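The following account leads the reader through a protein model, moving from one part of the fold to the next. Please keep the sequence and the coordinates at hand while reading.

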Amino acid sequence: MQDRYAGDVGDYGKYGLLRRLCRRDAHGPEFRLGVLWYLTEDAKPGDGEKLDYLDPPLNDEFRRCDPALFEKMRSVVHGGARSVAFVEACGALPANTVFFRDKLVFEPYQKRASRASNRRDWVETGLRAVKDAHLVFADPDTGLEVSSKGPLSGEGPKYAFYEDLLPCWRRGQSLVIYQHIARNESAEEQIATRLDELRRRFAGACGAFAARYRRGTSRAYFVIPAAAHAERLVARCRDLLASAWGRGPRPLFT
């Protein structure tokens, strides 16, 4: 995640999904949310400018999905410096959410041992910050690890590595993980391949599933439910797809 993305069309879908998964409803009590932002330095100029969803003619299509969230995103974009800190403060996510927004950044000539120490400390501090959450959301800039980018590489801070998140799974927390969809193969193929991998890496995670968000940059959210949470998370995702988020000729979520 980068501060420059705060409030853009991708952010709107992200928080809409998390609000639906965590809220109290007919399926049961709320889940307490923990957010690992994986915050990095702002990068390419121009990114994060997909904001036309807030204005005519698109605004009605988006507002109907979650009117309260829509107004909060408007306040993030037009309220001053866009940042994850502003998102936290505006109430886009439930009031009892716990956040970890320390930046994960490597210097260009930083020694490998120093990078390893930085990353280890960042992961350990983040895991402590979200230890009381039922559901942990990991928001890496690009997504889950790939073989060509190691955790200590220059691009390492942009990825969530399985070893970062396995402790959450082992202590009974559910996970939601952001994943950018690349252009080298179809989204369906990428999602299916990654789900197979997640089910192997997270022992017992046979119920893992994905929700794909289809506005702005194509992206998926992988949901890995703990056994105690699975029924509620599946039901709430099904409700999301049956709502304005998933209906119509151009659904936002599928």
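Against which elements do the buried residues of H8 pack? In this predicted model, they pack against helix H1, strand E3 (135–138) and strands E6, E7 and E8. The buried residues of helix H8 (residues 230–242) include Arg 232, Leu 233, Ala 235, Arg 236, Cys 237 and Leu 240. The length of H8 can be checked against its residue count: at 1.5 Å a residue, its 13 residues should span 18 Å, and the end C-alpha atoms are 18 Å apart, which agrees. An α-helix has 3.6 residues a turn, so residues three or four places apart point the same way.

At the N-terminal end, Asp 8 caps H1 through a side-chain oxygen that lies 3.1 Å from the backbone nitrogen of Gly 10.

In soluble globular proteins, nonpolar side chains tend to be buried together.

Leaving aside neighbours within four places in sequence, Tyr 213 is in contact with several residues, including Val 9, Gly 10, Tyr 12 and Gly 13.

The strands come next, with E8 as the point of departure. All six residues of strand E8 (residues 219–224) are buried, so the strand is largely enclosed by the rest of the structure. In a regular strand the side chains alternate between the two faces of the sheet. In E8, Arg 219, Tyr 221 and Val 223 point one way, whereas Ala 220, Phe 222 and Ile 224 point the other way, and all are buried.

E8 is joined to two partners. Five bridges link strand E7 (residues 209–213) to E8, and the two run antiparallel; within this pairing, Phe 209 has Val 223 as its bridge partner. E7 and E8 form a hairpin with five residues between them, and Gly 216 in the turn has a positive phi of about 70°. Strand E6 (residues 174–180) is joined to E8 by six bridges, and these strands also run antiparallel. Gln 179 stands opposite Ala 220 in E8.

Ala 138 has Ile 177 in E6 as its bridge partner.

Two backbone features lie in the loop between strand E1 (33–36) and helix H2 (59–63). Most residues other than glycine have a negative phi, and most peptide bonds are trans. Tyr 38, although not a glycine, has a positive phi of about 50°, and its place is in the loop between E1 and H2. Tyr 38 counts as buried because its relative accessibility is 1%, under the 20% limit. Pro 57 is placed in that loop as well; a cis peptide bond joins Pro 56 and Pro 57, with omega at about 5°.

The cysteines remain to be considered. How many disulfides does the structure hold? It holds zero. For Cys 22, the closest cysteine sulfur is that of Cys 237, and the separation of 12 Å is too far for a bond. For Cys 168, the closest cysteine sulfur is in Cys 22, at 14 Å, which is again too far for a bond. Cys 22 counts as buried because its relative accessibility is 1%. Cys 168 is also buried, with a relative accessible area of 0%.

Notes: Residues are numbered from 1 along each chain as its sequence is written. This is a predicted model: local features need pLDDT of at least 70, side-chain atom pairs count only at pLDDT 80 or more; totals for chains, interfaces and linings use all residues. Side-chain values use heavy atoms; hydrogens and water are left out. Contact means heavy atoms within 4.5 Å. Buried means under 20% relative accessible area, exposed over 50%, partly exposed in between (1.4 Å probe, protein chains only). Helices (H or I, at least four residues) and strands (E, at least two) are DSSP runs, numbered from the N terminus. Two strands pair if DSSP finds at least two bridges between them. The expected span of a helix is 1.5 Å times one less than its number of residues. A polar contact is a pair of N or O atoms within 3.5 Å; within protein, one must be able to donate a hydrogen and the other to accept it, and residues adjacent in sequence count only if both atoms are side-chain atoms. A disulfide is a pair of cysteine sulfur atoms within 2.5 Å.
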